[in-house]
Amino acid sequence: MRHLLSIADLGADELHRVLDLAEEFSEVQSRDVPKVPALRGRTVVLAFFEDSTRTRTSFDLAARRLSADVVNFSAGSSSLAKGESLRDTVETISAMGIDAIVVRHGSSGVPQQITSWTDAAVVNAGDGWHQHPTQALLDAFTIRRHFGDLDGRRIALCGDIQHSRVARSNIDAFTRLGAEVVLVAPRTLLPPDLEGWPVKVEPDLDAVLPDVDVAYFLRIQNERMGRGLLPSNREYRASYGLTVERAKQMRPDALIMHPGPMNRGVEVDPEVADDPRSVVLDQVTHGVPVRMAVLFSVLGPGQFDQEPPVDQETKARQEPQAGEEG
Ligand code: NCD
């Protein structure tokens, strides 16, 4: 894998291998010094042209835990604000000698476009409504951690599907890993044409909840939708929100997921967000090792052909170093 622009960039084996690699990197997270030298000497630029809390922080931590140098680029404080074009901006950053660029942008297709302006590996951290592949990977990782694998699992994706890059990436990843995906949304928040989407549609959340393994709620993306698609937050909650009453219909071992940022009291009631079945914070935790696995996969020596460096590092820590006592 040279770039990660969408889930489709991962071959059948690669999808599993990234998740396995993330498993190894999550062991690194639990160490006193949660760091390995895998990407020492490499430079990763985080170029976020759109707001982000978790994705940006977790890519930043992931790169640092692999010992890469990290440069944060913010659109608002750059020469873009003086009218410099996106292409000139990318070529300028690239000319400083970088190895990877992690891009978030409000327009679909920008990460793909950037691949033609730089030799660096490009990782998509969310583009428009199009794709958010690392979110899908960390969600798949979270489900796999809980159930062992996704094969045969029934997953409801509920909410604003139309404006959601998370929905598009997650449908690809979940179904490729063998899960069945059911979309639950008002007609106005579904894409007009679902031809070719490997999903079922069920308008009634109450009919779906009792037999799902995962109920995944998407944010109402007010900033991306035109007016008039939703009557009101209160009515939305009444039909599509995970209320305390509705959550009672879910199985005790089922999972409640949300990519964040969450509108508490709209998609999910505040009490339900803290329900023991909610793995919202686990999703955030898993973002770091999953993004380590992605950065290592696009930049690591020999990419997937090499043993992950975790074992070598563990070995090195166990062997007494020259000059060390004992
Ligand atoms: C998502 C995003 O920005 O695409 N958030 C995230 O990355 N965790 C989902 C959203 O904004 O609703």
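**Close-up views of helix packing in a predicted model**

**View A. Helix 5 against helix 11.** Helix 5 (residues 133-147) and helix 11 cross at roughly 115°, their axes coming within 8 Å of each other, where axes are lines fitted to C-alpha atoms, for helices over the stretch in contact, and angles run from 0 to 180 degrees between N-to-C directions. The crossing of helix 5 with helix 11 is right-handed. Helix 5 contributes Thr134, Gln135, Leu137, Leu138, Asp139, Phe141, Thr142 and Arg145 to the contact, and helix 11 contributes Asp282, Gln283, His286, Gly287, Val290, Arg291 and Val294, contact being heavy atoms within 4.5 Å. Sorted by class, this contact of helix 5 with helix 11 has 5 nonpolar, 6 polar and 4 charged residues, with Ala, Val, Leu, Ile, Met, Phe, Trp, Tyr, Cys and Pro counted as nonpolar, Asp, Glu, Lys and Arg as charged, and the others, Gly among them, as polar.

This is a predicted model, in which local features need pLDDT of at least 70 and side-chain atom pairs count only at pLDDT 80 or more, while totals for chains, interfaces and linings use all residues. Residues are numbered from 1 along each chain as its sequence is written, and side-chain values use heavy atoms, with hydrogens and water left out.

**View B. Helix 1 against helix 11.** Helix 1 (residues 12-29) packs on helix 11 (residues 280-299) at an angle of about 120°, with the axes 8 Å apart. Helix 1 and helix 11 are therefore oblique to each other, as angles under 35 degrees count as roughly parallel, over 145 as roughly antiparallel, 65 to 115 as roughly perpendicular and the rest as oblique. The contact of helix 1 with helix 11 has 12 nonpolar, 4 polar and no charged residues.

View C. Ser26 lies in helix 1 and is buried, with a relative accessible area of 14%, buried meaning under 20% relative accessible area, exposed over 50% and partly exposed in between (1.4 Å probe, protein chains only). Not counting residues up to four places away in sequence, Ser26 touches Phe141, Arg145 and Pro289.

**View D. Helix 2 and helix 6.** In helix 2, the buried residues are Thr55, Arg56, Ser58, Phe59, Asp60, Ala62, Ala63 and Arg65, and helix 2 is followed by Ser67, whose phi is positive, near 70°. Helix 6 is mostly covered, with 10 of its 12 residues buried, including Arg165, Ile171 and Phe174. Helices here are DSSP runs (H or I, at least four residues), numbered from the N terminus.

Definitions and conventions:
Helices (H or I, at least four residues) and strands (E, at least two) are DSSP runs, numbered from the N terminus. A crossing is left-handed if the near helix is turned anticlockwise from the far one by less than a right angle, and right-handed if clockwise.
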